[in-house]
Amino acid sequence: MSAEVITFSLLNGTLYGMLLFLLASGLTLIFSMMGVLNFAHASFFMIGAYFGFEISKYVGFFPALILAPILVGLVGALIERYGLRRVHKFGHLGELLFTIGVAFVIEEAVQMIWGRSPMDYQIPAALDFTAFEIFGTGYPAFRLFMLIMSVAIFAALALLLTRTRVGLVVKASLTHPEMVSMLGHDVPLVFMSVFGVGSALAGIAGVIGGPILITQPSMAMSLGPILFVIVVVGGLGSLSGAFVASLLVGFIQTFAVAIDLSVADVFGLVGVTQPPAALGALVSDIWNVSVSQIGPVIPYLLLVAVLIFRPMGLFGKRA
Amino acid sequence: MKKTHILFASALTLMATGALAEDTFKFAMIDPFSGPAAMVTERIENVLRYSVDEVNAAGGINGQQIEILTFDNKMSAQETAIQAQKAIDAGARILQTSVSSSNTFALVDFVNKHNRRNPDDQVIVFDGASHDPAITGEKCSYYSFSWVLDADMKTAGLAHYLTERTDITKVYLLNAEGSSGQTTRQSVIEMVGEARPDIEWVGDDTHPLQKITDFTPYIAKIKASGAQAVITSDWGADLALVLKAAGEGGLEAEWFTYFSTGPGAPTAMAQSGLDGKVYSVFDGDAGVASDDLHAFEAAYRSASGFSASPFPGDVSAIRALTQAAEKAGSNEVHDLIAALEGIEFTTVYGAAATSRPEDHQIITQMAVSKFVDVPEGTLDEEGTGWGWENVAIVPADVITLPTTCEMKRP
């Protein structure tokens with residue numbers, strides 16, 4: 001692997017990881033607060049992209065970057081207040097099923113409103129230039145902007161949770177809801193706010209991810225599964241775990257693509273060029289499969305491995 | 001008084017439609033009307049209805065109006081067979097499926113069985129868009145007709161075009177896993193390799209199908225390989241994402257694609273800013289020089305807002321059917337099949353076409369075009385201001401491959 005490929009893989013891996021983190025942070029926040037694995041989380045990402053697209057048509061991209069997440073957060077808060085809170089009394093399974101239902105409803109609603117074709121959501125002109133050049137290749141400013149946004153949000157979230165009174169109340173509501181309630185805090189309101197903020201974070205990811213990915217009704221379903229990998233690998237409910245796992249998945253996916261090594265190459269080093277016939281057809285099938293081919297599947301292998309060997313995840317506190 | 005009038009009028013309409021339904025020629029469309037592929041189905045249905053309306057306005061086939069019935073196969077082969085039975089029960093004479101070759105195979109198998117068991121109630125299969133060579137190859141059937149060029153014919157056309165592009169010597173292959181991507185990859189290596197032995201394959205990547213959200217690592221890899229061109233059979237979201245990533249990464253390589261005329265791809269290509277770098281290797285496109293095509297496109301676009309040329313199979317199917325019905329002088333299935341074999345008609349691109357009697361494969365020209373920022377007033381795609389500029393028409397005889405079909409005739 002050349003220095004060029006390594007540099008670009010590092011950059012791209014960080015960027016993709018940070019985009020995933022924007023999504024996973026909201027998901028893991030909601031989980032740690034309410035114990036709800038929100039299957040509709042990627043759908044909030046999708047409506048963030050659609051809202052961002054619609055609003056930026058009228059007032060430009062940067063106002064949309066603020067307005068769209070607020071709207072998504074409101075939608076999330078309303079869903080928590082009038083949906084999830086009512087389902088809460090039927091236990092976690094009910095809540096889980098509810099969020100799956102919400103995911104489908106949002107997808108259908110988006111199809112009804114905007115149709116099935118992709119939207120022409122473009123990178124704003126102000127950010128459509130080359131930020132810097134390395135190895136003769138320009139790096140787009142918009143990607144750099146995404147990176148800065150993600151890091152800023154991570155820093156803000158971490159500060160909010162560890163250094164402010166709000167963070168204290170949120171963390172206390174997580175572990176001792178009755179006590180917090182006794183002290184005069186409105187715990188259901190805290191829950192609703194956390195759900196709203198979590199959704200708004202997904203909304204931000206949608207607004208800045210929309211122009212790079214494709215703004216279409218299937219975008220939620222295509223990103224959903226990988227989020228659960230991150231949350232589980234990082235440790236359910238751990239913000240720093242989600243951060244590390246997001247970067248890990250980002251790096252795995254980008255570096256794997258660059259590696260053309262296959263089983264055949266490994267055995268070629270020790271002089272074995274043909275798969276042993278005794279091992280049968282299965283081995284000869286995987287003989288020539290390279291790492292780059294299975295790259296996108298590796299995170300899921302990681303998910304399985306973590307669940308077997310460390311069910312609480314890398315940074316999780318409970319199983 | 002008014003009420004009775006309305007009642008009377010609606011009763012009349014009911015009777016009229018009832019009478020109409022009695023003696024229409026029923027054409028069933030069995031495709032995924034729900035799920036992620038529904039977007040493609042919608043566009044296909046639009047083109048099909050438009051062509052059928054044209055025929056009906058001119059008096060139909062042998063005086064009979066064509067009526068389109070739609071059935072949702074939910075993108076599943078099993079459901080395709082179930083819906084085919086429903087279509088036949090509803091009186092359909094022709095069953096068309098377009099979106100996936102596995103559904104086409106299921107439909108052909110079902111109809112073969114049905115026709116054997118019900119010699120008095122036979123039906124015809126039309127394949128409107130799935131370009132798998134097996135449909136008119138090993139799976140060919142006397143009752144089935146394919147109205148688009150198959151993947152191998154298009155690869156032969158690409159190989160022919162590349163013989164003129166001696167400036168391209170380093171080529172990268174990027175295909176999805178799964179049968180469509182992999183068979184295309186194999187035939188590209190064989191046919192382009194034979195036509196241009198000097199071409200070096202600087203990369204050959206297989207990626208998961210419709211699962212990747214970030215293609216930048218692939219673009220970095222292609223760039224590092226020094227490729228001058230990429231050949232890809234990717235489609236839908238994969239194609240859109242990879243081209244957007246290429247535009248962002250400032251990749252200079254040219255792209256030879258099989259499905260860049262499809263829904264969503266032009267929007268992504270215009271966003272990517274890859275001016276003149278993406279080539280479509282397809283049956284044709286709105287850039288093909290033909291007055292008939294441009295007139296058809298203009299009329300169709302003002303009616304639907306979309307471009308008709310990504311779906312040539314439907315126009316071809318309806319035109320061939322109309323011609324065959326006229327030639328046969330009857331709308332009976334057997335007379336139609338006999339007339340459809342070797343039928344000569346004009347495609348939506350204004351090109352002469354025929355259905356080869358040996359395997360029921362359409363034989364016609366194909367086009368290689370590049371996607372550019374077109375001048376105002378020229379036909380653009382998806383309202384982007386970008387459109388196709390034709391660079392080569394590959395004549396039918398160049399891409400006609402020997403048939404591998406062993407057809408069982410009744």
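Predicted model: local features only at pLDDT ≥ 70, side-chain atom pairs only at ≥ 80, totals over all residues.
Residues are numbered from 1 along each chain as its sequence is written, chains are lettered from A and ligands numbered from 1 in the order in which they are written, and side-chain values use heavy atoms, with hydrogens and water left out.

Strand S1 of chain B. I checked residues 25-31 and found seven of the seven buried, so the strand is largely enclosed by the rest of the structure; buried means under 20% relative accessible area, exposed over 50%, and partly exposed in between, with a 1.4 Å probe and protein chains only. Strands (E, at least two residues) and helices (H or I, at least four) are DSSP runs, numbered from the N terminus. In a regular strand the side chains alternate between the two faces of the sheet. Here B:Phe25, B:Phe27, B:Met29 and B:Asp31 point one way, and B:Lys26, B:Ala28 and B:Ile30 the other way.

I then followed S1(B) to strand S2 (residues 66-72), with which it pairs in the parallel sense over seven bridges; B:Lys26 has B:Glu67 as its bridge partner there. The chain crosses from S1(B) through helix H2 (residues 38-57) to S2(B) in a right-handed β-α-β crossover, that is, with the strands pointing away from the viewer, the path from the first strand over the helix to the second runs clockwise.

Helix H2 of chain B. I looked at B:Ala38, which lies in this helix and is buried, with a relative accessible area of 1%. Leaving aside neighbours within four places in sequence, B:Ala38 is in contact (heavy atoms within 4.5 Å) with A:Arg116, B:Pro32 and B:Phe33. From B:Ala38 to B:Ala57 I noted 19 residues in sequence and 28 Å in space, C-alpha to C-alpha.

B:Asp127. This residue is found in strand S4 (residues 124-127) of chain B. I noted a polar contact of 2.9 Å between the side chains of B:Asp127 and B:Ser146; such a contact is a pair of N or O atoms within 3.5 Å, and within protein one must be able to donate a hydrogen and the other to accept it, residues adjacent in sequence counting only if both atoms are side-chain atoms.

Notes:
Pairing = 2+ DSSP bridges.
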